[in-house]
Amino acid sequence: MYVAKFICILMPCVTVAVFVAGMVGRLRNWNRAGAARIPLFPTPATPWQMWKRILVESLTFGQLCDGNRSLWIGTWAFHLFLFMVLIGHTMLITDLNTLWKNLGFEYGRADRIGAAIGGTAGLVLLVAAIYLLTRRLSSARVREISSLEDYVSIALILAVVISGDLMRFSSYFDTAPVREFFPGLVGLQITAIPHNRFLLIHLFFAQVLIMYVPFSKLVHIPGVFYTKSALYRC
Amino acid sequence: MGLQSKMLQQAELDKAIEAVKAIRNGPMVLQLYMDICTKCGTCARQCHVSQSDPDCYANPAMRSDRLRRIYNAERSVLKKVLWSVGLVNGNGLTARDLQAWAKDFYSCSGCRRCAKFCPLGIDNSVITRKARSILHSIGLTPGKISTIQQFDDRFGNGEGISPPTAVEIADFLEGELVEQYGVAIKVPIDRKADVLFVTSGGEILSYPETLMGCAAFFHAAGIDWTLSSYAFDAANFGLFTGDDAHMKEKNRRLHEASMNLGVEKLVIGECGHAYRVATQIGGANYWGKDIPYQITSIFVLAAEVIRKRGVKLDSSQNPMAVTYHDPCNYARSTGLTEEPREVLRACAGNFLEMTPNRDYNWCCGAGGGLAVLDGGEGVHGMDSFHKYRMTCTGKKKLEQIDQTGAAYVAAPCFNCKRQIGQLMEYHRREVAVGSVFELVGKAIVFRG
């Protein structure tokens with residue numbers, strides 16, 4: 001019970017605080033140094049083309065497609081399904097019942113469709129994450145540049161994905177209590193804590209991962225837009 | 001390679017550590033490169049050093065990690081805590097580290113090919129240059145490179161040529177030109193003219209065919225040009241050693257000579273990094289947006305003239321199969337890829353492309369000043385730096401040239417030309433290596 005209370009009530013406050021403070025600090029450091037220009041030709045002709053190119057590269061990982069085909073498939077699938085899963089999770093903390101009703105879906109049906117898509121994404125994510133770890137361990141050239149930080153990052157992601165998948169596939173998991181609890185927490189209205197072993201494990205590792213982002217290489221998600229704009233600035 | 005295996009004092013170590021810490025104040029990209037590398041290993045698949053033999057293997061991410069580790073260890077309290085339990089990779093700086101830096105960061109040629117493929121937009125050459133600047137500040141720049149810088153500081157050129165000697169060289173080349181063409185082609189120096197022509201001083205001395213080709217071209221095109229004994233050499237080793245003050249000072253000579261001679265155009269010859277420094281780093285960035293002259297490349301100028309049929313070129317004078325090597329500082333750092341090809345196609349009948357080419361071209365293996373390093377300790381088990389360049393860093397270029405089957409490699413950069421020339425000699429290939437304007441000189445037809 002104490003564990004559940006810690007993970008569901010106290011820890012989210014810490015997580016949000018650490019993530020926001022860490023991210024603000026990191027972005028402030030980057031911005032303080034001022035934008036640099038180290039053009040890598042051929043460069044786009046206009047700012048609009050520059051941002052278009054950065055957007056396309058961030059969505060397709062096109063350079064990897066040319067430079068490292070197998071990694072491209074693995075990491076692109078990983079990031080794409082990670083993104084899908086994140087979108088899926090927002091359904092848990094937003095009230096979409098009204099929306100589904102207006103679109104003509106019953107709540108139960110919408111939930112089942114969500115479960116099917118989310119479940120598939122969770123499995124693909126698992127396979128992709130295992131691929132990334134295997135690749136790191138098996139390729140001599142990647143292993144020699146890997147440090148504990150790299151293994152911790154992927155281990156955390158695996159822990160989150162595995163506990164999430166177990167939660168979904170081990171037995172029927174009713175999302176209704178979660179839907180009630182977290183919006184409640186945001187409004188400081190604490191309702192009954194949802195009880196599920198896997199949910200607690202999932203929440204714990206997910207929050208550790210979120211807190212780890214600003215201080216580790218996982219900060220590459222916002223960072224890549226800075227580096228690319230330095231290379232392509234016209 | 002003349003790396004001083006000198007004993008490092010604590011004061012020097014502290015200086016290096018302070019310099020690493022200062023990355024926190026910028027430049028922004030360097031800070032980002034320290035923070036966001038995910039160690040995916042893609043750079044190693046696209047680096048000519050990594051792709052050579054296993055015994056001289058180097059990994060760009062591992063090299064950059066040398067700097068990253070120190071940076072992380074010297075970061076904020078939180079990073080320090082994470083680092084101390086191993087959650088963030090890092091360690092303190094030791095004298096042994098710095099000796100390893102000196103070898104590692106002078107095995108990277110700063111060609112930026114990895115940046116073309118990095119999914120996170122990391123340009124390892126920026127990290128290399130930063131590490132080199134730290135090495136330079138504590139006197140660990142390879143002997144030959146730092147000697148050239150010292151000559152630069154004293155004479156304004158890396159060869160130690162005094163102004164009277166420069167004038168003599170110009171006179172001598174005029175004589176050679178008359179002998180070769182039977183036409184009174186001038187090599188003007190220190191005259192008021194429309195165009196100030198500057199190129200690598202080393203090339204003028206040891207490969208004068210290029211300058212002679214340029215002189216013939218200027219003559220045939222009727223361009224009023226001059227050399228400068230004050231800015232005789234456009235090479236700028238400040239780019240290689242990471243010494244910003246030196247880079248600016250050397251660039252100032254070009255600016256001052258252009259102002260004093262009242263030229264309309266400052267034209268950079270066949271020298272990749274000189275063109276990069278003059279256009280991308282120096283020039284307007286150093287001396288203000290309203291500099292009264294235009295900075296351009298001999299290739300841009302020549303392509304314009306050729307398009308307007310301002311010179312007559314007979315491509316049958318160069319019947320052999322010619323291939324073109326894209327120097328990294330042209331293709332990736334200044335975007336100069338089409339004009340040299342236009343010039344080359346106009347003066348050589350049988351032009352072949354290397355694969356890959358343009359901004360994806362493989363480095364010659366001696367960029368970033370490595371071409372001048374020959375003997376000494378070598379790198380990573382090699383008995384000399386020359387052997388290292390021949391058997392490791394140049395391997396990809398050799399394969400590429402072999403594939404084209406060309407008999408002549410046009411390398412419009414003195415650095416690349418020296419490396420590729422030595423490669424062909426070392427591996428006993430019957431391939432000539434020269435410049436584009438040497439071919440222009442051969443193909444040029446004088447009217448009347």
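Predicted model: local features only at pLDDT ≥ 70, side-chain atom pairs only at ≥ 80, totals over all residues.
Which residue in β3(B) is the bridge partner of Phe197(B)? In β3(B) that partner is Val267(B).

Residues are numbered from 1 along each chain as its sequence is written, and chains are lettered from A and ligands numbered from 1 in the order in which they are written.

Chain A to begin. It has 11 helices and 0 strands; helices here are DSSP runs of H or I with at least four residues, strands are runs of E with at least two, and both are numbered from the N terminus. The C-alpha trace of chain A spans about 55 × 40 × 35 Å along its principal axes. Of the 234 residues in chain A, 23% are buried. A residue is buried if 20 or more other C-beta atoms lie within 10 Å of its own, exposed if 12 or fewer, and partly exposed in between, with C-beta atoms placed from the backbone. Taking the contacts in chain A with a separation of 6 or more, 78% are between residues 24 or more positions apart. A contact means that the C-beta atoms of two residues, placed from the backbone, lie within 7 Å.

Now the interface. Chain A puts 42 residues into the contact and chain B puts in 48 residues. On the chain A side, the elements giving two or more residues are α1 (2–32), α3 (62–67), α7 (140–143), α8 (148–170) and α11 (220–232). The largest share, 8 residues, belongs to α11(A). By class, that side of chain A has 22 nonpolar, 13 polar and 7 charged residues. For the classes, Ala, Val, Leu, Ile, Met, Phe, Trp, Tyr, Cys and Pro are nonpolar, Asp, Glu, Lys and Arg are charged, and the others, Gly among them, are polar.

An open sheet of 4 strands runs in the order β2-β1-β3-β4 in chain B, with parallel pairing; two strands pair if DSSP finds at least two bridges between them. Its edge strands are β2 (225–226) and β4 (294–297), each pairing on one side only. Strand β1 (residues 195–198) is joined to β3 (residues 265–268) by 4 bridges, and the two run parallel. Within that pair, Leu196(B) is opposite Leu266(B). Towards β2(B), β1(B) has 2 bridges, also parallel, and Val195(B) faces Trp225(B) there.

Are the residues of β1(B) buried on one face or on both? Both faces are covered, with Val195(B) and Phe197(B) buried on one side and Leu196(B) and Val198(B) buried on the other. In a regular strand the side chains alternate between the two faces of the sheet.

Chain B has another open sheet of 4 strands, in the order β7-β6-β8-β9 and with parallel pairing. From one strand to the next the twist averages 30 degrees. Axes are lines fitted to C-alpha atoms, for helices over the stretch in contact, and angles run from 0 to 180 degrees between N-to-C directions. Strand β6 (residues 321–324) pairs with β7(B) in the parallel sense over 3 bridges, and Thr323(B) stands opposite Leu352(B). Helix α19 (residues 338–347) of chain B packs on this sheet, touching β6, β7 and β8 (408–410), with its direction at about 170 degrees to that of β6(B).

Next, a helix pair. Two packed helices are described by the angle between their axes and the distance between the axes. In chain B, the axes of α4 (residues 60–73) and α8 (residues 124–137) come within 10 Å and cross at roughly 40 degrees. That makes α4(B) oblique to α8(B): angles under 35 degrees count as roughly parallel, over 145 as roughly antiparallel, 65 to 115 as roughly perpendicular and the rest as oblique. Pro60(B), Ser64(B) and Leu67(B) of α4(B) meet Asn124(B), Ile127(B), Lys130(B) and Ala131(B) of α8(B). By class these contact residues are 4 nonpolar, 2 polar and 1 charged.

Last, Leu239(B), which is in helix α13 (residues 238–241) of chain B. Leu239(B) counts as buried because it has 26 C-beta neighbours inside 10 Å. Not counting residues up to four places away in sequence, Leu239(B) touches Met247(B), His273(B) and Val277(B).
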